[in-house]
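Student: I would like to learn how to read the aromatic packing and the nonpolar core here. Where do we begin?

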Amino acid sequence: MSTTAFFTLDPGGVYVPTRYARSAWSDTMLNGPAAVAAVARSLELHHGVDGFQPARLTVDLFAPVALVPLTVTTEAVREGNRIRVADARVVQGEVTVARATLVQLRRGEQPPGEVWRSGRVPEVPAAAEVEPLVAGSRPYFGSDTAPEPWSTDMGAQQGPGRKRFWHHPLDVVDAEPATPFQRAAMLAESTSLMTHWGSEGIGFINADLTLTLARLPRSGDLGLEADEHLSDAGVAVGTATLYDRDGIFGAGAVVAVSNAGRQIDFAARRAGGGSMRTSDEGTRA
């Protein structure tokens with residue numbers, strides 16, 4: 001078995017979780033990146049079309065996903081000349097625990113003229129410039145208020161500052177390298193972690209994910225940087241920028257609900273010698 005995959009597949013195509021799919025919130029639950037990974041793979045496998053760009057993936061994570069086998073069913077909603085839409089459902093037993101929609105747009109000629117761009121160039125860790133990450137490598141975390149701009153020590157980056165993440169996502173299934181779209185989807189799920197992680201850890205759990213893509217990522221290791229956190233009365237919104245070694249390629253957005261009773265304090269785990277599995281750095285129970 002690969003050591004860098006969230007799932008194996010049984011003969012019927014059912015996703016069987018590996019230990020890397022376990023959640024930080026509970027050892028009996030599936031983590032967010034794994035759930036999103038299964039959806040992204042199934043939609044791309046059954047509905048991906050040459051010449052079309054996966055432009056938006058929305059995943060509604062409205063029920064706990066257990067650390068048990070799951071199936072993903074998909075169906076085409078529209079198969080147009082310029083827009084294609086497909087839906088998916090994540091099922092455990094006979095219960096739907098998540099649903100998703102993929103919108104694909106036909107690639108074509110860029111319109112003429114100049115359009116305003118921010119010109120922002122997010123940072124790549126210096127160490128990753130020397131040695132790119134591979135699936136299974138420890139990710140880098142960054143925070144504006146940390147003594148060092150990047151560190152593989154997650155607890156050392158905890159604080160009130162803006163967060164960023166440099167990571168090579170795991171493969172979705174054993175012995176099958178993740179595609180660029182799948183890697184983008186898995187990375188985007190960490191929008192919740194990067195935008196809702198504060199001075200005392202993370203106490204919000206995301207109820208959805210929306211990934212928007214102008215293009216697919218070109219490098220294997222990828223970055224995500226927080227853009228905004230908004231919250232009031234236990235309800236939060238987070239937005240983030242996705243980038244690779246060539247620059248920004250997309251954005252992530254999540255809504256989240258308070259889970260303060262099970263707050264995850266990464267600095268306390270570090271001080272207490274607790275382990276922080278790299279696959280746990282999604283935020284969905």
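Tutor: Begin with the rule for rings: those of Phe, Tyr and Trp pair if their centres lie within 6.5 Å. Keep in mind that this is a predicted model.

Student: How many aromatic pairs does that rule give?

Tutor: The count is five. One of them joins Phe 141 and Phe 165, 5.1 Å centre to centre. Their planes are 25° apart, and planes under 30 degrees apart count as stacked.

Student: Which parts of the chain does that pair tie together?

Tutor: Phe 141 belongs to strand E7 and Phe 165 to strand E8, so the pair links parts 24 residues apart in sequence.

Student: What is the geometry of the pair Trp 197 and Phe 266?

Tutor: Edge-to-face, with 75° between the planes and 5.4 Å between the centres. Trp 197 is in strand E10 and Phe 266 in helix H5, so this pair ties together parts 69 residues apart in sequence. Trp 197 and Phe 266 are both buried. Phe 141, Phe 165, Trp 197 and Phe 266 form one aromatic cluster.

Student: Which charged end sits over the ring of Trp 197?

Tutor: That of Lys 163, 5.2 Å from the ring centre. Elsewhere, Arg 84 lies over the face of Phe 52, at 5.5 Å from the ring centre.

Student: Now the core. Which residues have the most contacts inside the largest one?

Tutor: Phe 6, Phe 7, Leu 57, Leu 70 and Leu 211, in a core of 60 residues. Helix H1 gives the most to this core: eight residues. A second, separate core has seven residues, including Val 124 and Tyr 140.

Terms used. Residues are numbered from 1 along each chain as its sequence is written. This is a predicted model: local features need pLDDT of at least 70, side-chain atom pairs count only at pLDDT 80 or more; totals for chains, interfaces and linings use all residues. Side-chain values use heavy atoms; hydrogens and water are left out. A nonpolar core is a set of buried Ala, Val, Leu, Ile, Met, Phe, Trp, Tyr and Cys residues joined through side-chain atoms within 4.5 Å. Buried means under 20% relative accessible area, exposed over 50%, partly exposed in between (1.4 Å probe, protein chains only). Helices (H or I, at least four residues) and strands (E, at least two) are DSSP runs, numbered from the N terminus. Rings of Phe, Tyr and Trp (its six-membered ring) pair if their centres lie within 6.5 Å; planes under 30 degrees apart count as stacked, over 60 as edge-to-face and the rest as tilted. A charge sits over a ring if NZ of Lys or CZ of Arg is within 6 Å of the ring centre and within 35 degrees of the ring normal.
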